[in-house]
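Please walk me through this structure.

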Amino acid sequence: FSYPIEVAASTTCASGGTPNLEVAGLTVDKSGSNVHACWSATTHACAIGYDVLASDDKTSDASWAVVGQVGLTTCWDGDPAHTYLLIRARGTGGNGPWGHYLH
């Protein structure tokens, strides 16, 4: 008899502690001068939190700056005073890829 081999999902962090999944499900609401940004939680085991980046020029990588950081929560409130927002997963060994920007 031949039985299929089952592969279990990894629950430990590998690859140098860097999340490799894009953050998805971004939404933004406005309340006065503040924005309330939320996203779907990443399932990557290396994630220790999220960076909120903002820019007025979505075409230049150099124009993005971190305006907020949170732990493994999936929302951030703030007043970035910029046109565009990005959310990326943060790991112990580096940052993951950027999610889609919001305008």
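**A guided tour**

Cys 38 and Cys 75 form a disulfide, with their sulfur atoms 2.0 Å apart. A disulfide here is a pair of cysteine sulfur atoms within 2.5 Å. The search of the whole structure finds one disulfide. The pair links distant parts of the chain: Cys 38 sits in strand 2 (residues 34–38), Cys 75 in strand 5, 37 residues apart. The link of Cys 38 and Cys 75 is right-handed, with 110° about the S-S bond. Cys 38 is buried, at a relative accessible area of 16%. Cys 75 counts as partly exposed, at 29%. Buried means under 20% relative accessible area, exposed means over 50%, and partly exposed lies in between (1.4 Å probe, protein chains only).

This is a predicted model, in which local features need pLDDT of at least 70, side-chain atom pairs count only at pLDDT 80 or more, and totals for chains, interfaces and linings use all residues. Residues are numbered from 1 along each chain as its sequence is written, and side-chain values use heavy atoms, with hydrogens and water left out.

Now the overall plan. The protein chain has zero helices and seven strands. From the N terminus on, its elements run β-β-β-β-β-β-β. Helices (H or I, at least four residues) and strands (E, at least two) are DSSP runs, numbered from the N terminus. The protein chain has 103 residues, and 34% of them count as buried. Its accessible surface comes to about 6300 Å², and 54% of that belongs to carbon and sulfur atoms. Such areas come from the Shrake-Rupley method with a 1.4 Å probe; for residues, only the protein chains shown count as cover. Take the contacts between residues at least 6 apart in sequence: 58% join residues at least 24 apart. Contact means heavy atoms within 4.5 Å.

Next come the charged pairs. Side chains of opposite charge can pair when their charged atoms come close. A search of the whole structure finds two salt bridges. A salt bridge is a side-chain nitrogen of Lys or Arg within 4 Å of a carboxyl oxygen of Asp or Glu. Arg 88 forms one with Asp 51, the closest N and O atoms being 3.0 Å apart. Arg 88 lies in strand 6 (residues 84–91) and Asp 51 in strand 3 (residues 47–55), so the pair ties together parts that are 37 residues apart in sequence. Arg 88 is buried, at 13% relative accessible area. Asp 51 is buried too, at 2%. Arg 90 also forms a salt bridge with Asp 51, with the closest N and O atoms 2.8 Å apart. Salt bridges that share partners join Asp 51, Arg 88 and Arg 90 into one network.

Strand 3 also holds Ser 55. Is Ser 55 buried or exposed? At 0% relative accessibility, Ser 55 counts as buried. Its side chain makes a polar contact with the side chain of Ser 63 (2.6 Å). The side chain of Ser 55 also reaches the backbone nitrogen of Asp 57 at 2.9 Å. A polar contact is a pair of N or O atoms within 3.5 Å; within protein, one must be able to donate a hydrogen and the other to accept it, and residues adjacent in sequence count only if both atoms are side-chain atoms. Leaving aside neighbours within four places in sequence, Ser 55 is in contact with Ser 63, Trp 64, His 82, Thr 83 and Tyr 84.

Last, confidence. The mean pLDDT of the protein chain is 80, and 79% of its residues reach 70 or more. pLDDT is the predictor's confidence in each residue, from 0 to 100. Confidence is highest in strand 5 (residues 75–78), at 94, and lowest in strand 7 (residues 95–98), at a mean of 70.
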